[in-house]
Amino acid sequence: MKHRQYKNPVGVGKYTGLLLISPFIAGFILFTLYPFVCSFVLGMTDYRSAGEPKFIGLENYKTMLSSENFRKALGVTLKYAAILVPLKLIVSLLTALLLNLEIKGIGFFRTAFYIPSILGANLAVVIMWQYLFTADGLVNQFLELFGASPVSWYGNPDASIYIIILLRLWEFGSTMIIFLAALRDIPRELYDAAKVDGCGCIRSFFSITLPQIKKVIFINLILQTISALQEFNAPYMITGGGPLRSTYTVGMLIYDEMFKYSEAGYANAVSWVLFAVIALAVGLMYLVTGRRERDRS
Amino acid sequence: MKKLPVYLVMILLSAVMLYPLLWLLGASFKSNREIFSSVWFIPESIDFDIWKNAWKTVTPYTMGHYFINTFKIIIPKIIFAVTSSVLVAYGFSRFDFPLKKFFSALLVIGMLMPAIVKIMPMFLFWRDTGLLDTYVPLVFPALLAEEGMFIFILIRFFDSVPREFDEAARIDGCGTLRTLFLVLLPCIKPAVTSIAVFTFLWTMNDFLNPLIIIQSVEKYPLSLALRLSVDSTGQSYEQCRIIAVSVIGLIPSVAVFALAQKKFVSGITAGGLSG
Amino acid sequence: MKKIISLITAFCCMAVFTACKKKNDRAITPADGKLDKCTLRFSWWGDDERHKATLEAIELWNSIHPEIEIISEYGGWDGWTEKVSSQMSGGTEPDIIQINYDWLATLSPDGDSFYNLNDLSKQLDLSGFDKEILSFGEVDGKLNAVTVSVTGRGLFYNSDVYENLGAEFPQTWDELISLGDIFSQNGIYPLDLDIQSGGTAWYLAIVYVQQITGRDFISMDGKLGFTADDIRMALDFYKKLEDHGVIRTIQTRTDEDGNAALYQSPEFIEGNVAGVLEWGSSVGKYEAVLPEGALKTGPFLTTEDGTSSGWMIKPSMLYAVSGNTEYPDEAAAFINFLLNNSECARILGTTRGIPASRYAHESLEQNGLLTGLAYESDSMLDNLDTVTISPYMELPRMKEFYNTAIEQVSYDLCDTKTAADEMYTSVSEYLDRLK
């Protein structure tokens, strides 16, 4: 360890890299480590917005374990992420492929496809979703057209999560952009060579496109998993967490405990558990892909 | 002719994507009654007074003032975020240094914590520095590469640029920074553009942070000004006014995206490396 | 490396605790009875009307007291609680704050976070207020805030629908229930109750039980007055309303309206739901989406033998002075101006509800500004034997307990006894913990 060799270009010392990442180190200490430690400490107190915080050790974590609301929220969050993330990756990759075509007016289409993401959980979206999914909304009218019976979307605790998933699926813009940037980085010659070899579209997708962008797929997977597990705004606006807490995510629980119920101590403790859950999920993804890489080489 | 089905699919999809925006535009001219009873976007009558009032606001300032405030935050923030993330990502991707693995792990860990827990400690921190009610707390973190996700994305894009490019540049006598700016940056332009665009859009929409940091109405950014008149506990509720205001807020985001989307594709050719 | 990390950790811990504590080290500035030259910050939330009127009132103040400059900080309701509670925990709150009723319990549980306004009587004239109304702002015997206006929930009906069906507005609970039977034949509901942030479902149920038993749900100092059986009676009553088609079940309501408020619901706008239980101070929104003059005030329901007690009132908002202010006299003088000055009252009108101060009330009367549904409903309440809503009843956590119980009963997940017992336990545990 002492005499480790640093693989750097000629004339570059081992501290150049450190110097380059120094803003990150400073930022990490100030804007990540400091609030983390604060939150960890607060998580072991009964801090509320008024009065002195009292140290109560692991009490908040015990409360959490026995809290049915927390367990339910965790279940909802995991289910939500497990369904949303793969769907979103597929949809955004497919649209990115579509938008990578060179046809007239592509700029307009690119902008159009990104617009839902700009809207976020804007009021317009909330009202739109009501027109779509309420009892005699467009979706149910459409179903009836085909003789299917109408679905109770908002009121049925088993269905409500799907209208939120659909909302976030519809807002695939950011994921799509990252894919689009990656697709543009694939050298054209690879496709030209494939064409000469007589490969069709689908084959060149699997043998050229996918391997070329697999790293970006992985980034998107990680980023989407993180943001899905932290979800709070969409259910907050669309369903308010109901009915029967069927769309009440851990992110909402933290927000409510922190600001609505002013239980900052408990809210911080829950954040740490959510942190652990996300870390576990991301860690697993690294492990699985890392092993694959090694198997291949 | 082969492209016809592609166009059909695209047009259909765009309609689904664009409809809410059209509806929003129409709804800004509708009465509350009309808004909640019709999904069709064309209003019964058009009255531009709503827009005029929305632009004027009840505050001593017009929306234009809040636009300028927002740009006072966004422009430095984009410059800082892009510069710092590029430098850091460059360091991670191209150089070897002590504790590199440790810092890479920190980078990922930093992204995992729910951002909401940062709000209170950071509020107290900025209070102690005496910088509350200024834009510093909203801009400064970008200078220190606060957004781990940006670095994370950029590292992968840097990694995809062949090392031979750097070596060639070094042989030509370029130093560390010149290699970055002259050779590598042009190659990852799409990724850099997307970071700038993300910063723009997220800052535009950011509500909770400015709400807690900014006190004076004079300094409100657009996101706060947009919600000035929304009071669900109150007597009146003029939906169209609120919608008109939110359309005003969406215009810059849509415009910036429409302008920037070309850049996502121009990366490689602009770098002159296609051949 | 480990050393560095542990050092940083220790540093952060210290920072957290000093940050949390700092606030309490500040001394309270005593009142000196004089008005000095100073700048004061005043914050409120509201809609355009309120902003416009308040800014105008402040202009008037500046022309009278140019030496005391008021800086206004205002915004919409969304996020405002978050903003004020962070300011309070950081000690950076404005000098004068418009507060919501339940903030007294969350932000000043021992009555020390806000200035004791009894100490400022030199500048603040409280003679225009009822003793009872003043007591709304007291915490632990300290006058933390002054009530700006008092409001209560009243019943408002879409009179067009009632006329079409040849029905009269109900006078008693029994009449309400039989209306459900008649209306449901036409697929119409005479009333709407919700379990969203309004929580009117539980509100009406406790009015009913309070009227029958004469017991208050929660006392002003946060003691549960209901027994588990009382709670069950309330839940049974709610279920009865659903069963008789007086209101939609939660599932039907959610399916039809999503997460929207009733005044945004096509069902209400088109007259399929013909009544609402709402604060007098918020009814304008419902009035605006119906044809002009359609929404009318209905009588407060009574029992068959005419008992009309049990209906509730609360301050719709209050003014408080920060405990950290350096200029208590000046802040008190400004509040006095907002509450009692007759010219100011004319400018503010009813943008903060019907003023509780007698002086402001008189001014509005002279200027003919006291009209409309809100005024009608609030003055009808004035003549009833009302119960004051405890600030503890309005706490968001408590609302969650009520709504959970109602939801369980509505979805038939458990019987009313189980739901009532569960709610009794969680409510009493929570109230104990707050003490």
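At what angle do helix α4 (residues 63-94) of chain B and helix α11 (residues 189-205) of chain B pack, and how far apart are their axes? I read an angle of about 145°, with the axes 9 Å apart. Axes are lines fitted to C-alpha atoms, for helices over the stretch in contact, and angles run from 0 to 180 degrees between N-to-C directions. Helices are DSSP runs (H or I, at least four residues), numbered from the N terminus.

Before going on, I noted the ground rules. This is a predicted model, where local features need pLDDT of at least 70, side-chain atom pairs count only at pLDDT 80 or more, and totals for chains, interfaces and linings use all residues. Residues are numbered from 1 along each chain as its sequence is written, and chains are lettered from A and ligands numbered from 1 in the order in which they are written.

Next I listed who meets whom (contact: C-beta atoms, placed from the backbone, within 7 Å). From α4(B) I found, among them, Ile73(B), Lys77(B) and Ser85(B); from α11(B), Ile195(B), Thr199(B) and Phe200(B) are included.

Then I turned to chain B against chain A. I found 70 residues from chain B and 71 residues from chain A in the contact. On the chain B side, helix α1 (residues 4-27) of chain B gives the largest share, 10 residues.

Last, I checked chain A against chain C. Here 29 residues of chain A contact 31 residues of chain C. On the chain A side, α2(A) supplies the largest share, seven residues.

Notes
Contact = placed C-beta atoms within 7 Å. Helix = DSSP H or I, 4+ residues; strand = E, 2+ residues; numbered from the N terminus.
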